[in-house]
Amino acid sequence: MSYYINPNVENLDRIFDQNLRSGYLRLDLNENPGGLPEAFIQKTLSKITPETIAKYPETLPFTETLAKFLHCSIENICLVNGSSEGIRQVIEAFSRPGGRIVGADPSYAMFSVYSKMYGRTFVPVPYEKDLSFDSSKLIDAITPDTDLVILLNPNNPMGNVYTRDEVDAVLKKAALCETTVLIDEAYIYFYPNELLSCAFERDNVFVTRTFSKLFSLGGLRLGYVCGRPEGIRLVQKLSTPHNVNAIGLLFAEEIIKTPGMIDGLIEKQREGKKWLVSELKKNGYSINAGEGNFIFIKPKTDAAAVMNRMKAEKQILIKTYPSVGELGTCLRVTTGERQYMERFLEALYLLDREG
């Protein structure tokens, strides 16, 4: 007897990281290394009751708060279990088996993973050697048999962004080819030129966002998809019942409603990144620092050795990344509040020494 196994799943390569990260300075997954203020966390936790935990989450109050924050209607929003779930649902709803999905490469790995999972063909548009991105090549790759095109604003991991003229050109070509557009804005709060209005004004344009990055709720898994009501209804049909949790909704609502909270988080990130970039340049490091809360650093010695020693000796988690244009293999580092950047830089100077 031979049981059926979906070949798309059987042949799918996935990496599941179960490493313990508690107690480390986490500069490896683009999280906020400091998280939310302790006083804010304790105040919000005090609002949790036995009923909060026992009952299924009620999403309407938070959706109304979020809609007011985004200047839209609740019909424009689908709450999801992290924006990665929203990305998956858009791909499932608006592309067909064997259909083409066009996007920049490299970018968030799950775009390619979901494409393979659902039997789609991901068409990568690579960066130039100097790490610039030629949007005209992306536009040329959009054809009448392309179901979905993906933009990232800003892009992870490269940190590039698009001008509004470039975005309009992509949207125009996509409309001509009847191609849905997904704009992922996971890192939008580290860059001011948002594209959310595109999702409200145009058919078959969706924007995904997350509360895991700036909002520092990666452990509570909350995100959302925005679009026109008719498209959002289709995305919602793919959501599991009660797909977001009550604690995540509570924290997200308190962040939005607390005066100065979001601006304060943005300013700490920007100040820390600006300081780190300046110090690295002063000390002769080659870097690539686009938009977003992350940078590439070309080490003076072996990148893998520096990464491993950072973890073993300094309890700091970073990544390495190959083939970063002319920089080659680099360190991949999350940026954040200055105190954490100072700790990282002190360790880098000690561990990345020649001779």
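Analyst: A definition comes first: a helix here is a DSSP run of H or I with at least four residues, numbered from the N terminus. The model itself is predicted. With that term in hand, α11 can be named as the helix that gives the most to the lining of the second largest pocket, with 5 residues.

User: What makes a residue part of the lining of the second largest pocket, and which residues lie nearest its centre?

Analyst: A lining residue must have an atom within 4 Å of a pocket point, and 15 residues line this pocket, with T52, E58, A246, L249 and L250 nearest its centre. The elements that each give two or more residues are α3 (50–54), α4 and α11 (246–257). By class, the lining divides into 7 nonpolar, 2 polar and 6 charged residues, around a space of about 320 Å³.

User: Why are β7 and β8 called paired strands?

Analyst: Pairing requires at least two bridges found by DSSP, and 4 bridges join β7 (residues 205–210) to β8 (residues 223–226), so the two count as paired, and they run antiparallel. In one of these strands, β8, C226 is the bridge partner of V207.

User: What makes β2 and β4 edge strands?

Analyst: The open sheet has 7 strands in the order β2-β8-β7-β6-β5-β3-β4, with mixed pairing. Both β2 (77–80) and β4 (121–126) pair on one side only, which is what the term edge strand describes here. From one strand to the next, the twist averages 20 degrees.

Technical notes:
Residues are numbered from 1 along each chain as its sequence is written. This is a predicted model: local features need pLDDT of at least 70, side-chain atom pairs count only at pLDDT 80 or more; totals for chains, interfaces and linings use all residues. Side-chain values use heavy atoms; hydrogens and water are left out. Axes are lines fitted to C-alpha atoms, for helices over the stretch in contact, and angles run from 0 to 180 degrees between N-to-C directions. On a 1 Å grid over the protein atoms alone, a cavity is a set of points where a 1.4 Å probe fits but cannot get out, and a pocket is an open set with protein on both sides within 12 Å along at least five of seven lines; lining residues have an atom within 4 Å of a point. Grid points are joined across faces, edges and corners, and a volume is the space filled by probe spheres set on the points. Ala, Val, Leu, Ile, Met, Phe, Trp, Tyr, Cys and Pro count as nonpolar, Asp, Glu, Lys and Arg as charged, and the others, Gly among them, as polar.
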